[in-house]
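Thanks for coming. I have one model to show today, and I will go from a single residue out to the whole chain. Here it is.

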Amino acid sequence: MEPPHAPVAAEAGAGAGDAYTIRPLELSDLSKGFCELLAQVSPSPPLSEEAFRARFAELAALGADHLVLVAEEAATGRLAAAGAILVERKFIRRCGLVGHLEDVVVDAAARGRGLGERLVRRLVEHARGRGCYKVILNCTAELKGFYAKCGFEERNVQMGLYF
């Protein structure tokens, strides 16, 4: 998200010949497959450009408390991964901050290359840099191993009330 996240620099690949750059979401990412990528996490109808721009502006107004990162493939310009970190302001823990990791997805064709781990690491680093005392997430049982590799451990029970 261009203006408020300027301090979050793009990261070229971690290894030699890596073809992905991790960077903040940009308005132009709608045409690079952002919605199609998110549909691999949770099916939803495509967004109009107007709706995408409006939501982008809302999230940009939150500044560093809401960061969406994407991984762009250099060869194609398409997005191969995305994820978000939301910073919640608490009263407990002396008005502490908690990071919520959300909507992490790696395109099916790009899985197994460490891209998801790199993306999660960058989002966690952002939360740590904001002063969060923890980062939490919800995931399916199938993804517990992936998040364990990223340093997360199972805690408590997740509940949901959907509308």
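Cys-132 counts as buried, at 14% relative accessibility; buried means under 20% relative accessible area, exposed over 50%, and partly exposed in between, with a 1.4 Å probe and protein chains only. Before I go on: this is a predicted model, where local features need pLDDT of at least 70, side-chain atom pairs count only at pLDDT 80 or more, and totals for chains, interfaces and linings use all residues. Residues are numbered from 1 along each chain as its sequence is written, and side-chain values use heavy atoms, with hydrogens and water left out.

Back to Cys-132, which sits in strand β5. Helices (H or I, at least four residues) and strands (E, at least two) are DSSP runs, numbered from the N terminus. What does Cys-132 touch, leaving aside residues up to four places away in sequence? The list is Val-87, Leu-97, Val-98, Gly-99 and Ala-127, where a contact means heavy atoms within 4.5 Å. For Val-98, the C-alpha atom is 4.9 Å from that of Cys-132, although 34 residues separate the two along the chain.

Ala-127 takes us to α4, where it is one of the buried residues. Just after α4 comes Gly-131, with a positive phi of about 95°.

Arg-94, in helix α3 (residues 92-95), has a phi of about 55°. Is Arg-94 buried or exposed? Arg-94 is exposed, with a relative accessible area of 83%.

On a 1 Å grid over the protein atoms alone, a pocket is an open set of points with protein on both sides within 12 Å along at least five of seven lines, and lining residues have an atom within 4 Å of a point. A volume is the space filled by 1.4 Å probe spheres set on the points, which are joined across faces, edges and corners. Strand β4 gives the largest share of this lining, seven residues. By class, the lining has 29 nonpolar, 12 polar and eight charged residues. Here Ala, Val, Leu, Ile, Met, Phe, Trp, Tyr, Cys and Pro count as nonpolar, Asp, Glu, Lys and Arg as charged, and the others, Gly among them, as polar.

The second largest pocket has a volume of about 830 Å³. Ile-136, Leu-137, Glu-153, Glu-154 and Arg-155 are the closest to its centre, out of 21 lining residues. At least two lining residues come from each of β4, β5 (132-136) and α5.

Last, the whole chain. How many helices and strands does the protein chain have? There are five of each, in the order β-α-α-β-β-α-β-α-β-α. Of the 163 residues, 37% are buried. Among contacts between residues at least 6 apart in sequence, 64% join residues at least 24 apart.
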